[in-house]
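Dear colleague,

I am handing over the structure below, and I would be glad if you could look through its aromatic side chains. My notes follow it.

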Amino acid sequence: MCGFLAGLETFSQLVGRDENGMYYINNTEIVDFPRFPHRGLLLDTSRHYLPLRAILETLDVMAYNKFNVFHWHIVDDPSFPYESLTFPELSKQGAFHAMTHIYTASDVQTVIEYARLRGIRVVAEFDTPGHTLSWGPGAPGLLTPCYLGKDPSGTYGPINPILNSTYQFVTSLFQEVSAVFPDFFLHLGGDEVDFTCWKSNPNIRAFMKEMGFGEDYKKLESFYIQRLLDIISSLGKGYIVWQEVFDNAVKVRPDTIIHVWKENPTPYTEEMANVTKAGYRALLSAPWYLNRISYGQDWMAAYQVEPLKFEGSSEQKARVIGGEACMWGEYVDVTNLAPRLWPRAGAVAERLWSNATVRDLQDAYTRLADFRCKLLGRGVQAQPLFVGYCENEFGGF
């Protein structure tokens, strides 16, 4: 089914129009198949809420580019727009606006079905124990109270990992999430946990001493992550985690997917080698953070990435299942999402689809520029790669 859809998409992009308005298609023979099975795009809907129509349009253009995984980073510190039926207060208290800036159960099902019909899986991410400040107002007692000296400061840090109530809450929430999102995998995050608040809390320090963790708060993070992974496994789900979970030596299942996103202090090529040498499957995103922009044709750097360019055996290389372009939302909302994504994300899509020998930049530029014109014709406000024009460049405005 997905191969048939990809073939039809290729066919649609071969159709042209002459000066008389007649449609034509060149006599073309194509032998085509994807190099990697996981070709993803991450959207962040917490730092800025993206309206449903923007997500659906993005899914359309993902299909045009043959992306097949929508990584929905749906909640984070700034806001909790996911409307939970189990814990409705999470979005009521944690969304930017409890009525206009949420994704209802109907919205979520619309996204999942719209994606399915385009051959796209939806992998939801609920990142913990960090990146959870928006969870606090709707889930009293979940976050760690920070202290200033001997007294609470009135601020909160990551999820409190020492309370049984934490794991009861997490179990109930992920039971719902597992039922709502049908994909086998959930993305569980596990990145960028700030230990400052944990260190300030006397109850956490006492727990650390009791457990024999000393001053190593990575062990406390691992304690939480380990219990979370056991919960997800008991629900019959697989999981993807950011690389810190691997770096901190958390015991994970052999089928865990490690998502490599950091450029330093360890180069991502070295991280890919370490992950695959340990026997885990790897996803690459480190060189494909498209929210970062620079003057010039920055799509070229994305295009020139080689996901398998690291020291390792052929067995290790086979554990690289693909990668994802990421569009984080600090400076991106509905007003600039499409032009910042397209056609730049197409460079990543081609790298994940085409043979490793397809690398000529001038050839890629010609095809991407033509594709950008096709996107304009389809009503997508894709930005230019460089100087030039499209016949239909004002049709969508």
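Arginine 351 lies over the face of tyrosine 303, at 4.5 Å from the ring centre, and the charged end of lysine 66 sits over the ring of tryptophan 353, 4.8 Å from its centre; a charge sits over a ring here if NZ of Lys or CZ of Arg is within 6 Å of the ring centre and within 35 degrees of the ring normal.

This is a predicted model, in which local features need pLDDT of at least 70 and side-chain atom pairs count only at pLDDT 80 or more, while totals for chains, interfaces and linings use all residues. Residues are numbered from 1 along each chain as its sequence is written, and side-chain values use heavy atoms, with hydrogens and water left out.

Rings of Phe, Tyr and Trp (its six-membered ring) pair if their centres lie within 6.5 Å, and planes under 30 degrees apart count as stacked, over 60 as edge-to-face and the rest as tilted. By this rule there are 25 aromatic pairs. Tryptophan 135 and phenylalanine 169 form a tilted one, with 6.4 Å centre to centre and 55° between the planes. Both of these residues are buried (under 20% relative accessible area, with exposed over 50% and partly exposed in between, for a 1.4 Å probe and protein chains only). The rings of tryptophan 261 and tyrosine 289 have centres 6.4 Å apart and planes at 15°, so this pair is stacked. Tryptophan 261 counts as buried at 15% relative accessibility, and tyrosine 289 is buried at 10%.

Finally, one aromatic cluster includes Tyr49, Phe70, Trp72, Trp135 and Phe169.
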